[in-house]
Structures are given as C-alpha cells and as structure tokens.
Amino acid sequence: MAPPRGRAALKMAARGGRCRGTGSWPRRKSREAAGPAGASPGRGRCERGPARRWRLRRDRAAAAMLRCGEEVVSEESEEENNGVNLMEFSDEILLHILSYVPCTDLVLNVRRTCRKLATLCLDKSLTHTVLLQKDYKVNKDKVKQLMRDIGKEIYQLNMAGCYWLPSSTIDHVTRCKNLVKLNLSGCHVTSLRLSKMLSTLQHLRSLAIDVNPGFDASQLSSECKATLSRVSELKQTLYTPSYGVVPCCTSLEKLLLYFEILDRSREGFMLSGQLMVGESNVPHYQNLRIFYARLAPGYVNQEVVRLYLAVLSDRTPENLHAFLISAPGSFAETGATKNLLDSMARNVRLDALQLPKAWINGSGLLQHLKFNNPFYFSFSRCTLSGGHLIQRVINGGKDLKSLTSLNLSGCVHCLAPESLFRKAEDDIDSSILESLVVSCCNLKHLNLSAAHHHSSESIGNHLCQLLSRLKHLLSLALPVCSITDVGASVEKPPTTPNLVPQTFGRKVRIGIQTYPRNLGDQTNQKIESSVFWALMGSLRFLETLEIIGSSFSSAMPRNEPAIRNSLPPCVRAQSVGDSEVAAISQLTYLQSLTLAQLPNILTGSGLVNIGLQCQHLRTLSLANLGMMGKVVYMSALMDMLKHCKCLRDLRLEQPYFCAGAQFFQALSHCSSLQRLCIVSRSGTLQSDAVMSFMASCLEVIMCHMFMGESLTVCKNLQQSIVRRLLSCKALAGGHLGFFCTVLSAFFQAERPALNVVIFPLLHEDLTEVIRDVPMRHLDEITLFKSRVAEEPPNLWW
C-alpha cells in the first residue's frame, strides 16, 4: 500500500503515525527487513528500559512523521539513511507542515516529542490564532491546559459551536489577555460570566456571542462596558427578544444579527417581540459599515428586527457599504423601512445588497440605489425580471467585474425579459444570461436553483454552454431541469412507464436493470457529448455543486410539521439520471455535493464514479433520487462509500430507506465521517447495526435519524447509544471494574461532543425535538437548504 501523501500524511501525524482509513504506517524498510510481526525496524527483541519507553512515547505522539533527528538518529541511523528526515528541513517548511495540525495537538502532544518541535510548536505563527470550532474531541481539561500554556500568546480564539463544553470552560478565556477576536457563538454564556470575562479583555475588537433567555444587560460591569465600547465587530445570535450588548458597542463598524427566536415557549405560550423593560433602545450605528440580519421563520423575529432597524431609519450611516437582510417567507415593508431605503438611495453607495422579496417586488428601489464596487448580490425569491436585472443592477455590464457572489435562487423570471405574461416553465432568454456572464466574468459563487430555467433549441445558447465561460467558479447551484439536453428532453421522453411513481401508496414490484459491476461498461454509457458533461469538464476547480429539483421540498422543514406530500419533478427533468451524475466525477477538487430530485436515476452507477474520482469529497447530500417507492441506488451508494475516505458529513433523504447492516458496514469505510443524518418517510432501521456502527466508528459525533419507526423503537435506540458511553461504569464492582472504568473514561474523552437524535419523522412533537439540536448541526446538515451564495464570502472569520 502506498504511503499517505499531502493532507492524509498530516492527519496521520496528528494521530500518532497511523493513517486513518488505510491502516498503514509510515513507509520504512521492506517487510522482509522489518523482522517478525509486531517488531519495529532497527531494534531487536531484547530492547528494554528507557530506549523502549522513549520509542513508544514517540510513536504515540502527534508528530510521528517528523522524525526527531537530534535525539533518535543514533538509534535509527540505518533507517534514516534509507528515508527522508523531515527534521532536516528548514524551520519555515516545518512551520507550514505544523500549521495543518490542530493547535490542541501541537501544544499538548507534538511539542513534547523533541526539543526542536518544542520550540517550533510555540511559534507565534501557530499560536496567534486558535481554532476549536470543529475540534470535536476537545474537552474542558484540554481547553484549560491550552489556555494555561499559551493563553498570553493567543490573539484570535474561535470556539464557535462548542456546545458540549460546560459554561465554566469560558472562565479560562480570561487568561488570554491579548485577545483581539473572540467567537463564542453556540457556547452558553450568562450575562454575569460574560461580564467577568470581558472585564479582563481590554484589547478585544471582535466578538461573537449568543443571547439566551435570562440575559440581563444590567448585570454587565463598567469594565465590561468599557471593553464593549471598543468592539468594532459584533456577531450576535438571539434566542430571546433583546438588544443584547448592541447598545454598549458604541464603535460598531460591522454588525451581524441572527434571529432564532421561537414564536412559542416550551409550555406553549405565545411569545412577544417586545424587549425587556429597561433595555436601551438607542444602538449606536454612526460608524456602521456592514449590517447583516438573518431571520429564522416566525413573526417574533420580524418584530424584533424592526426594532433594530428603527434607529437606522432615523439616520443612515454615511459609511454603510453592505446592507443585507435574509428573511424567509413574507416580510412586509413598513413606513420606517421605506424611509430607510430612501435614505440609503440618497446617501450611500453599496458594495453588497440583500433585501426581503417584498421590499423589491413591484418597487423601483433598484433603479435609485447606487453601487460602488459590488462583490455580493442576493435577490433570492424575488420576482425580478431579467430586463430589470440587466438595466438596473448590471447596468449594461459596467463596473461588475468586482462581483464575485450572486444569489438568484428562486428568481423564476430572472433570465426572462419580462415577467408579466410569462409562465415559469417558458424558455429563458439566452441573451440575458450571456450579458450576465460577460458582465460578471469573475463570479466565484452562483446560485440559480429553485426555478425552471429551460434552454431553447438554439445551438450554442444552452445555459450550460454559457456558464462554462465562468472559469473562476468555485460553487454552483442549478435546477435539475436546466442541465438536460434540449433534444433529449423534447424528442426522447422517458420510455420506462413506471420510472418515477409520484405517490407513496402500496409498493409495486417493477423491473430494475442490474447494477453494472464493471465500471468500464458504465463508462461506455456516459453521454460525453452532452452540454452538462462539457460544463463539468470546463469547471475543473469547482469545489461545491448543488443540483436540486425546481419543485423539491424537504420532508423536514423548519418550525413546522414534516411535509407528507411532495410535488412532482419538472417534465424536462425526467431525462436527468445516471449519465449526468457520472459527469460530475470530472470535478477532481469537489468537496461538497448535493443531489436532490433526480427522477431518472436507475442504478446510481454514476455515484461510484464520483467516489473513485472525487477524492476530496467531504460533504454529501442525496435526496429523492430515482423512484420514490424504492431505493434503487442503494447498491451503488454502498460501493461509493467504500472510496470516500475524506467524507465527513453525509445526509440522506429518501422514502423507504433501509438503514441496515450492509449499509452501515459500507459506511464504516468512511473513516473520516463525523456527522450522519438520515430522513426517511416509512424508512426502517436495524438497531443492532446502528449500535455496532456507533461503537466502532469513534469519529462519528452526530447521528440524526428521522425514520418511520415507532416512538418506542426510536427512544430505546437513542438511549442505548448514549448509555453505551457510561455502561462500563456499571461493572465497576466486578472483576473487570478497573478496566471498564478506564474504558468508559476513554469513550467519553474520545467523543465529548456526541449528539444523537432518533425520532419518528411524522410525529407531532418533531418540532420540539428539533429545537434542542445544536444550531451548528441544525444549520449545516440536519435541515436541507441551498447553501451556495447564501451569504457574502468571508462574512465572519
């Protein structure tokens, strides 16, 4: 087996020398020279004492790939002569290598291996920024030790989404006296604890926190308020109606607000959008440059955001250059918001814009707004026509080379000249798309999903052919009906009569072609002359791809019961199937893939090609592929998973999905998998298979399964998985007591962030269960949505 390279080798270093997923050790001498099994090269059976202890300690360390030449070269001179001693590299190269190792491993493990690494691991380039936001194995003891060792050297600390750490962990942040940026989103912080912490951070300029029920700004000390007065960047997630710390931040230049307030309490009482009595209502926006607000569904969120906007309507900041409000559903315009928009049209020049659809539809706002060097536009769900888009936004192609991100998701008429007499299924005007491509030639992120973009039969004017000119694209979202060849969809309708049954009634046995085991035969079936195949071939550096049916809706929406019926796919999407999926395998650098409502999937053979060719794939989301009454691609999916060594997040949404032993056995090959979510109407699961998978795959820290099983089955399985971590302690009184206690502590240390939710999909209490899911998992994987150009790039560090 070939030795690991690149990032795989770096991961190997962080785990004590073993390359996860391959089971191999770093390449040394040949097997014949290595001696008997279990013996290490270059040493005999009689090795004892300090030499053996030193070797074991070094092998367990996170820097096993970096051979400590100063201290072990005398023992392994023969081995070092045959290989490369990385310790002979310059400090600059070693620092670059160490930058891929998590900071906790550097400080707590790697620096203890040898003198040279002890010095390099404390270099300012490695300790300046500490990222813990997705280090799911970090616990309170590691954080405490980390802050004690390098707290004074940390200038940027990101603990976003560390929901598993107790609130007392935040107290150790006070050791970081020189902090400039601090992200505590997703961490439970009380007002008193926040006051104590911020009182010691006098250099803080960027802060991200959550405002939970019970937060009281009157408990903030004067020293805390002094620190907040110097903060210029604030990200605040609201779970209760409150201004939070905004009134204390008198020097704000960037304000990001996330409204996650529920309309009802756990007891069922309706909540009000009125703020707490005594709260200040004068946020200081005079220096504001960026205002961003994202609202979860619910009228309370709309009421609270209006209070934040009221101050802006009185006096619009002169330096405002980004104004973004993301609101689902209907968010009506009021007199105050109209005054705000009029003031913006007169006084500011914007670089980024996103507004609720009701504020744009039917108004001439875009005609009056002025733009400087725009880099982000979002007109999601707006009825903006292509004519208005070209005339009012693109301005005939002038000054749009700076635009790097464009979200037209749900804009059903954005590629048509007029929307008055046009049907959503009519063909697009290719000249509008061509003008868009020519004017915005530097686009990196483009979202055209949730709309019917049908190309005409004109040669050379297909949507895929025009998009192939955007050579800088990194992420792309398209509707399924937009990638089909016009000739195939018009002249060759699907010949299989029962290909896509649209009901969920009684199952019917139908003939399904055998899954081709010979990948060479499958290659011959690819339509390499199709426009979509050519598009994938021209976008070789694409990292994120979403192909979503224009009428697709997830069975598990936010804050409401599960959807029981789904709309049929677009007629032009009927021919999109295995060959189009196989075309995606050309994207060598693909990291995230979403496929939803592809009706002509017969075997899923294209998935295997993706697994073989897209070795950087980290996120995979599949929903409603092929027939709705049978999972026709299960065999291909299991073969695909055996090749996905870098896959971290997997989301599957498919009716009648069977999560059985064979599926979990294939899934266990995904050695990097951390999060799993399965949503299936009438789906079934095997409890023993789930238990075995969770016990053997210690990297998995999130398991969400919303199936068709009974509430009793789901609860028992969930409790069994959670109790498995503590089950060994119950045997502490037996002969294996000491071993079981140690083993239990090991499992808890391995997965402190474990989050398991198993619940019936159609149960009436589903929304109550979802509200307890950590926001990181809920927003990133559990809920289905298009994420391409969802917000401006690099909005927050």
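Visitor: What do the buried residues of helix 26 pack against?

Guide: They pack against helix 25 (661-667), strand 19 (675-679), strand 21 (702-707) and helix 27 (711-724). Bear in mind that this is a predicted model.

Visitor: And which residues of helix 26 are the buried ones?

Guide: Helix 26 spans residues 687-696, and its buried residues are Ala-689, Val-690, Met-691, Phe-693 and Met-694. Across the chain, 54% of the 797 residues count as buried.

Visitor: Why is Ser-378 called buried?

Guide: Its relative accessible area is 0%, and the label takes anything under 20%, so Ser-378 is buried. Ser-378 lies in strand 10 (residues 370-378).

Visitor: What does Ser-378 touch, leaving out residues up to four places away in sequence?

Guide: Leu-353, Gln-354, Leu-355 and Asn-407. With Gln-354, the contact is also a polar one between the two side chains, at 3.4 Å.

Visitor: What makes that 3.4 Å pair a polar contact?

Guide: The cut-off for N or O atoms is within 3.5 Å. The Ser-378 and Gln-354 side chains come in at 3.4 Å, so the distance passes.

Visitor: On to charges. How do you know that Arg-294 and Asp-779 form a salt bridge?

Guide: Their closest N and O atoms are 3.5 Å apart. The rule asks for a side-chain nitrogen of Lys or Arg within 4 Å of a carboxyl oxygen of Asp or Glu, so this pair qualifies. Arg-294 sits in strand 7 (residues 290-295) and Asp-779 in helix 30 (residues 775-782), so the bridge ties together parts that are 485 residues apart in sequence.

Visitor: Are the two partners buried or partly exposed?

Guide: One of each. Arg-294 has 12% relative accessibility, which makes it buried. Asp-779 has 23%, so it falls in the partly exposed range, between 20% and 50%.

Visitor: Which salt bridge does Asp-779 form with a lysine?

Guide: Asp-779 pairs with Lys-785, where the closest N and O atoms are 2.6 Å apart. Lys-785 counts as partly exposed at 22%. Both residues belong to a network of salt bridges that links Glu-260, Arg-294, Arg-558, Asp-779, Lys-785 and Glu-790.

Visitor: What makes Arg-572 and Asp-427 a salt bridge?

Guide: Here the closest N and O atoms are 2.9 Å apart, so the pair is inside the 4 Å cut-off. The bridge links distant parts of the chain, 145 residues apart: Arg-572 is in the loop between strand 14 (544-548) and helix 22 (578-583), while Asp-427 is in the loop between strand 11 (405-407) and helix 17 (430-439). At 18%, Arg-572 is buried, whereas Asp-427, at 36%, is partly exposed. By this rule the count comes to 19 salt bridges.

Visitor: What is the phi of Asn-624, and where is Asn-624 found?

Guide: Phi is near 50°, a positive value in a residue other than glycine. Most residues other than glycine have a negative phi. Asn-624 is found in strand 16 (residues 619-625), and with 7% relative accessibility it counts as buried.

Visitor: What about the phi of Arg-381?

Guide: Arg-381 has a positive phi too, near 65°. Arg-381 is in the loop between strand 10 and helix 16 (386-394). At 47% it counts as partly exposed, because exposed would need over 50%.

Visitor: How many helices and strands does the chain come to?

Guide: There are 30 helices and 22 strands. Among contacts between residues at least 6 apart in sequence, 77% join residues at least 24 apart.

How values were computed
Residues numbered from 1 in each chain as written. Predicted model: local features only at pLDDT ≥ 70, side-chain atom pairs only at ≥ 80, totals over all residues. Heavy atoms only, no water. Helix = DSSP H or I, 4+ residues; strand = E, 2+ residues; numbered from the N terminus. Buried < 20%, exposed > 50% of the residue type's maximum accessible area, 1.4 Å probe, protein only. Polar contact = N/O pair within 3.5 Å; in protein donor to acceptor, adjacent residues only side chain to side chain. Contact = heavy atoms within 4.5 Å.
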